[in-house]
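Let's take a walk through this structure, one kind of contact at a time.

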Amino acid sequence: MSFSLLLLLLFLPSSLSLAPYNFYINCGGSSVINFEGHLWVPDSDFISVGENKTVSYSGVLPLLLSVRSFAQERNTHKKFCYQIGPVIRNANYLVRTTYFYGGVNGKKNPPVFDQIVDNNLWGLVNTTKEYDHNMTSYYEGVFRTVGKTMSVCIGVNELTDSDPFISAIELVLLESSVYNSTDFGKVGLSLVARNNFGYTRSTVRSPDDRFDRFWEPFGPHQAAARAPNVSVSGFWNLPPAKIFETHLTVSAGPMDLQWPALPLPSSTYYIALYFADDRASSRRAFDISINNVPYVRNLSVTPSGVAVFATQWPLDGLTRLRFTPVDGSDASPLINGGEIFNVLPLGNKTLVHDVIMLETIKRSFLNPPEDWSGDPCFPIGYSWTGITCSNGTRIRIISINLMHMGLQGSLAPEVGNLTALNTLMLGNNSLSGPIPSRLGTLNHLKILSLENNRFSGTIPSSLARIRSLRELHVENNNLNGTVPKSLLQKPGLQFSFTPGNSFSQSAGPNT
């Protein structure tokens with residue numbers, strides 16, 4: 001779900017947050033921007049594809065004056081990824097992406113596209129409504145890192161009718177207690193709403209919130225009678241103390257609240273509600289129900305504050321909260337803050353060993369495909385160009401087909417470590433250097449097509465040891481030496497090695 005912020009020029013605070021494992025990225029920018037207490041760095045260290053574009057729109061925030069844009073044409077189901085790091089492995093990060101279209105594509109409406117974190121489809125980016133009101137959009141989630149970097153990707157889908165874009169990315173390291181009732185090894189969280197109830201001024205964020213979470217105002221202004229003596233460190237999620245300075249309440253009886261304001265798609269949600277009594281002498285206790293289902297009973301609220309959580313709560317459509325005083329309570333119900341996230345089950349991921357090998361192969365190419373970043377196989381529908389993956393729970397790379405891709409560079413020997421590979425087709429490119437002898441260790445390889453390149457040296461005799469090999473094509477390269485007899489005599493092998501090479505002796509007809 002997207003959120004919006006007014007496009008107002010703000011004064012810049014002088015203090016800067018330089019947390020070493022936090023990242024503030026100015027997408028498409030060419031210089032560092034000092035904005036909202038952070039140094040926003042250009043994105044060139046995190047991505048090498050896409051085009052920097054300037055937003056020609058008056059009165060926008062400095063951070064929104066540039067975007068990185070990615071080609072939509074002929075790129076459906078391709079993703080373009082930022083590799084952000086180094087991050088702390090197995091840590092939870094708040095991830096926020098910001099979008100302001102500014103007409104950079106020359107069309108009236110902004111494009112619709114996907115956003116992806118690591119191997120998981122985060123959701124759809126549709127900023128049309130906010131842009132129609134001259135507002136920017138942001139999306140926020142919480143995800144656990146699995147390696148030294150985290151990938152944040154833009155994906156072209158069937159709805160994308162012009163070049164997708166992004167304005168800014170933030171990664172903020174969270175303390176271990178924050179949202180710690182969630183098993184981030186199995187799910188991620190995508191923000192639906194985070195509100196400061198009874199507050200009507202500008203969004204509460206850093207420096208009040210140490211993680212720069214945005215607490216949007218909600219409801220008529222109702223200031224607390226006095227600021228409760230809240231110890232924020234006592235809350236797992238560490239909400240800012242400022243949200244307890246206002247609340248929503250009623251003069252008597254139950255309090256009904258429709259929150260969030262918009263209907264929700266059928267899914268499972270994480271819900272956190274925050275309370276603190278502004279009267280030391282009262283007993284304030286009530287039951288809470290959500291859509292007439294009991295959520296918590298006999299909640300006693302004190303000036304020191306209390307929070308209640310649900311990590312897996314099913315919701316569908318409009319959500320109605322009811323706060324009902326219990327017998328013996330001499331004060332009406334109240335609420336200070338709330339957060340609700342869509343719970344996103346995490347998908348499968350490619351075997352780490354195969355990912356490392358593919359990254360090494362990528363580095364041996366001078367011009368690898370632009371979408372060779374992020375997880376090679378996931379999310380489903382967004383595998384790398386030319387890559388086919390296995391089914392099941394242990395995902396391996398089983399085929400590489402990069403024919404006619406204009407590739408330059410060499411073929412890394414590490415290709416021989418992709419032990420599930422059954423097809424390797426690199427014909428009709430401009431690859432040079434030796435044919436790796438380590439290919440002979442690929443026991444499942446059936447097709448090896450290297451024809452019409454610039455490979456040099458000899459044909460490795462180790463290829464004859466591949467029992468499954470049925471096709472071998474190496475014609476029209478710069479190969480020399482002799483053709484291994486073991487290949488010429490291998491039963492059932494379709495083997496083409498001429499014309500276009502310089503072998504030292506006649507090898508006889510192709511077989």
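**Cores, cysteines and charges**

Before anything else, bear in mind that this is a predicted model. In soluble globular proteins, nonpolar side chains tend to be buried together. Here the largest nonpolar core has 72 residues, and Tyr82, Ile84, Ile169, Leu171 and Tyr179 have the most contacts inside it. Another core lies apart from it, with 44 residues, among them Cys377, Trp384, Leu418 and Leu463.

Zoom in on Tyr179 for a moment. Setting aside neighbours within four places in sequence, its contacts include Val142, Leu174, Phe184, Leu189 and Phe341.

Next, the cysteines. A disulfide is a covalent bond between the sulfur atoms of two cysteines. How many disulfides are there in this model? The count comes to 2, and counting bonded cysteines along the chain, they follow the pattern 1-2, 3-4. One of them joins Cys81 to Cys153, with an S to S distance of 2.1 Å. Cys81 sits in strand β7 (residues 79–84) and Cys153 in strand β12 (residues 150–155), so this pair ties together parts that are 72 residues apart in sequence. The link is right-handed, with 105 degrees about the S-S bond, and both Cys81 and Cys153 are buried.

The other disulfide is formed by Cys377 and Cys389, whose sulfur atoms are 2.0 Å apart. Cys377 is in the loop between α2 (352–364) and β26, while Cys389 is in strand β26 itself, 12 residues apart. This disulfide is left-handed, because the torsion about its S-S bond is about -90 degrees. Cys377 and Cys389 are buried as well. And what of Cys27? Cys27 is in no disulfide, and the nearest cysteine sulfur, on Cys153, is 12 Å away. With a relative accessible area of 0%, Cys27 counts as buried.

Strand β26 leads us to a sheet. This is an open sheet of 6 strands in the order β26-β27-β29-β31-β33-β35, with mixed pairing. The edges are β26 (387–389) and β35 (494–496), each pairing on one side only. From one strand to the next, the twist averages 10 degrees. Inside the sheet, β27 (residues 397–401) and β29 (residues 423–425) pair in the parallel sense over 3 bridges; Ser399 has Thr423 as its bridge partner in β29.

Finally, the charges. The model has 17 salt bridges. Asp212 forms one with Arg205, their closest N and O atoms being 2.9 Å apart. Are these two residues buried or exposed? Asp212 counts as buried because its relative accessibility is 1%, and Arg205, at 16%, counts as buried too. The pair belongs to a network of salt bridges that links Arg96, Glu140, Glu170, Arg194, Arg205, Asp212 and Glu339.

Arg284 is buried at 5% relative accessibility, and Asp277 is buried at 0%.

Terms used:
Residues numbered from 1 in each chain as written. Predicted model: local features only at pLDDT ≥ 70, side-chain atom pairs only at ≥ 80, totals over all residues. Heavy atoms only, no water. Salt bridge = Lys/Arg side-chain N within 4 Å of Asp/Glu carboxyl O. Buried < 20%, exposed > 50% of the residue type's maximum accessible area, 1.4 Å probe, protein only. Core = buried A, V, L, I, M, F, W, Y, C linked by side-chain atoms within 4.5 Å. Contact = heavy atoms within 4.5 Å. Pairing = 2+ DSSP bridges. Helix = DSSP H or I, 4+ residues; strand = E, 2+ residues; numbered from the N terminus. Axes fitted to C-alpha atoms, helices over the stretch in contact; angles between N-to-C directions. Disulfide = S-S within 2.5 Å.
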